[in-house]
Amino acid sequence: MRTIIYTLRRSIFSMVLLGLALATPGALVAQHKAPTLEQMLNADATLGTEYWIAIPPNEVNPFPVQALEVYVASQYDTQITVFDAATNQLYKRTLKPYEVRTLSDVRGETSWQWEVRNAEAVVRQGIRITSQMPISVYVLNSKVTSSDGYMALPTSAWGKEYLAVSYYDFRETRPWAGGFVVVAGEDQTQVTIQLRGSGGSQAKTSGGRELGSAPFTVTLDAGDVYMVKGDGTTRGVFDLTGTRITSTKPVGLLSFHERTTMPNLLVNGNGRNHLVEMTPPTSMWGVRYSSMEFARSGTGNTGKGDVFRVIARDANTLWTLKYYDKQTKSLIGQGGGLIADAGGFVDLAQSNAPTILTHGYAVWESDKPIQVVQYSCSASWDSSQAFDPFMVTLSPEEQYVTNTVFQFPTNTAFTKHWLQLMVKANTSSPNLETDLTSIMIDGVPVWNHPAVQGPSLLENRMPDGRYWTLLEFTTSGAAHTITSNGQVLFGGYVYGTGSVDAYGWPLASAASNVQSIDTLRPVITVANSCGRYEGEATELRNIPDPPRQQPEPLDQVETGIALIDTLPGAGNTNYRLTLLTDSSFPRNEPYTRFRYQFDVIDPTKDARCVYFVRDWRGNTTIDSCIYNQERLVADSVQLNFGRTRVNVPAQSTVTMTNQLRTSITIQSIDLRAGTRFSITAGAITQPLVLAPNEKHAVTVTYLADVETENAPNNVDIDTLVVVTTECGGVELVARGMATEPRIDVEDYDVGVVLPSELTCKSGGLRISNTGSDTLVITRITGLAGSNFSLSPGALTALPYIIPPKSWYQVKDVCYRRTDAGVDSIRVEFESNGTGPKPFSIWKASTRTTSVSEDTDVAMTVTHTTEGVHVAWGAGSVSFVRLLSVRGEILATVPVSAEMRSAILPTHHLSYQVAVAVLCDARGAVLQQHKVVVH
């Protein structure tokens, strides 16, 4: 089971839920609010997060190229990843909202190596485009005077059954053929191809296969493509249209023609062009289509209208056509008939010279699913030099949408672009005009949009109750939005022209399975526990069950769960949606059971969520989640005792107030651990009822008998828990730190000195604080009456303040004795700390400096640049000293028994009189001599 999480700040997916409002479980209330931009993108099948595309062949190599471009747009700030299966390489690009990102061969983002040239062979030439958020993808294949493009369908709209919709092979100056390309998005996809069409007695596929031969199967992995095309040996005869493609896993299908005139029996036809469309699966075909003639401006009197093709999915399909003058609204032509074979097709029409074809506004209807394709004629058909052939797969009215996003190529070779909008409204509604005027493009009403060509939308009502309008645009880099109030539906197509060049593709498609019979909304079952909603959506009401292979009109055939998401603009806050069954909603093998969960993000705040569950037929159920945090409010967010001394109690009081308009019952008040913290006031032994605005105070005491370990990195923690219900209450964290300052003073051993010699401790006396709190030394005792001293400055510096794990040096700790003797004292340091050693032992010994009578050591003293040079004869000399006249030791050099001289360094001394002294091991003076140091 995979899990995906959405936060409610912005849903990853959204949909159009017009006519549906906030509701209690199982209830629906009508509303008439325009959808947000976030809602509209998933209204049609052209939006998704994963695409596999392929590039069918345009012309016969070699041929000069112009542009291979992919246009990507989104309503979101998002990132796309483009993966080339052939080279196993990928790159990423960022998208800004409503800006068209053009991937171009000029910048190396697309490659002409993508163009599929190997027929009837499995080749790895698929291109995968993925995104973090929904995007739209359009592809333009443009060579010099030969172009067309297609609207890519995301993998979520793919199917397992297709009929190829191409056009006749065109053997003229080159062997141009029509065909199709299958692209796979999953490994081990079994694709079965049943070749059908026309002209099988006169030509074959380029690989030598015959129409009507036994079906064959190929295995494709993700990124593999398989192309079948004609051999290009005939003109207007061989056609693969109607070939049936089925697969074990969803695939995409691209129908194409390398290059042709239109119609391709046209003699001396000026205007040959590439044709390509991404053909929808047969599950998306419909029984009613509307079309409008392309905005040609030809002056020829012999040619008029466009070529159409009707393809039947099933045998014995009845179809009809009526077309009307778009100005007078009068009927100007009609037709129809029976298509006997599954996959059979009818052309309107194939011709070798300009003639009058279906034009104006046309309505196509059938008793079984059909596909209608509209082809633009060659320039010589009516002297419309800007137009070349292109094909557009029309969307059935069953697939019309209420809102969408569309875009034009950014390539400047195409200078004019048209949007043909076909509109379906409820003509019996009293709000008909309001509904029609609600349609906007980029926020501008369509009915009076400055880009409209011809009469206003309000004036273009046709006899069948449908409306249409045509808008002309120039090249731009922006995607466009069409929005409505949800009470009108529309379809249509986008097309454009350049210099003897043209392209076209559909506007939008709702991706509904029009063959399904599903009229029931998904069923939601929800369990609520303290604001957590655990839900399951089901589609389990097939009637009969299992469904018939060919459903009857009164059957109910569930289509499965298509989407679970939050409703934008419904005030959603503080809830998180988690999809439990899967991270996505597969279309071809849909889930009939889908589990999900809503969790409160911050339980200390209220939470609200309105969400919907939609099936693949568009039936929608709305439900809501509500969490109200009980309003027992504490006047502090935590109990912070800070630093306290060991065995010294500290207290903190928190006051809780009932801020509801009703009473709250406190069930219990307790501490989660209760070790160093205790409730000393405000505890309860039975439930306590607080009236509105009533308060209750609780006092917590913190008392520790030992230090907090590792302070200050660690603290003692507990939690005060005030329970009001099984879901609600107050929790406050209590924090404290028990600390101790600790004193440790070093000892001072002066050693042996001369009488009246002043000796001071080098660097001072170190006092260390090994504890966890600040040590404060306030008094030093034990010096009185001794030969040891502290300078006045050392005493006036009291108190000494020493942080934890730090130390302090007491300066000017000195010793002087005028006669021979031994001293030892204990100096006490009074402080706020405990041991381990709040005292210091100071010791010293004074010996006479007179020369022993029995000692006869010859001594000479000279001053050099290096210092005082002392030399002596034989004797028991152990060290040499340089003393000041006050007895201070200026320098000391230990000597060995073999030495007879030493240098006493004086570079640190200024001009003064000093005494050089020879001493034995006991410190007794053997000989001394004055010297001037300079």
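Colleague: Which residues line the second largest cavity?
Modeller: The lining consists of S290, L394, S395, Y400, M422, G491, G492 and Y493. A cavity is a set of points on a 1 Å grid over the protein atoms alone where a 1.4 Å probe fits but cannot get out, and lining residues have an atom within 4 Å of a point. This is a predicted model, in which local features need pLDDT of at least 70, side-chain atom pairs count only at pLDDT 80 or more, and totals for chains, interfaces and linings use all residues. Residues are numbered from 1 along each chain as its sequence is written, and side-chain values use heavy atoms, leaving out hydrogens and water.

Colleague: Which strand gives the most to that lining?
Modeller: Strand β32 (residues 488–498) does, with three residues; strands are DSSP runs (E, at least two residues), numbered from the N terminus.

Colleague: And the cysteines: which two does a disulfide join?
Modeller: C760 and C814 are joined, with S to S 2.0 Å; a disulfide is a pair of cysteine sulfur atoms within 2.5 Å. The pair links distant parts of the chain, 54 residues apart, with C760 in strand β53 and C814 in strand β59.

Colleague: Why is the disulfide called right-handed?
Modeller: The torsion about the S-S bond of C760 and C814 is about 100°, so the disulfide is right-handed.

Colleague: Is C814 buried or exposed?
Modeller: C814 is buried, at 9% relative accessibility, whereas C760 is partly exposed at 37%. Buried means under 20% relative accessible area, exposed over 50%, and partly exposed in between (1.4 Å probe, protein chains only).

Technical notes:
1 Å grid on protein atoms, 1.4 Å probe; cavity = no way out; pocket = protein on both sides within 12 Å on 5 of 7 lines; lining within 4 Å. Helix = DSSP H or I, 4+ residues; strand = E, 2+ residues; numbered from the N terminus.
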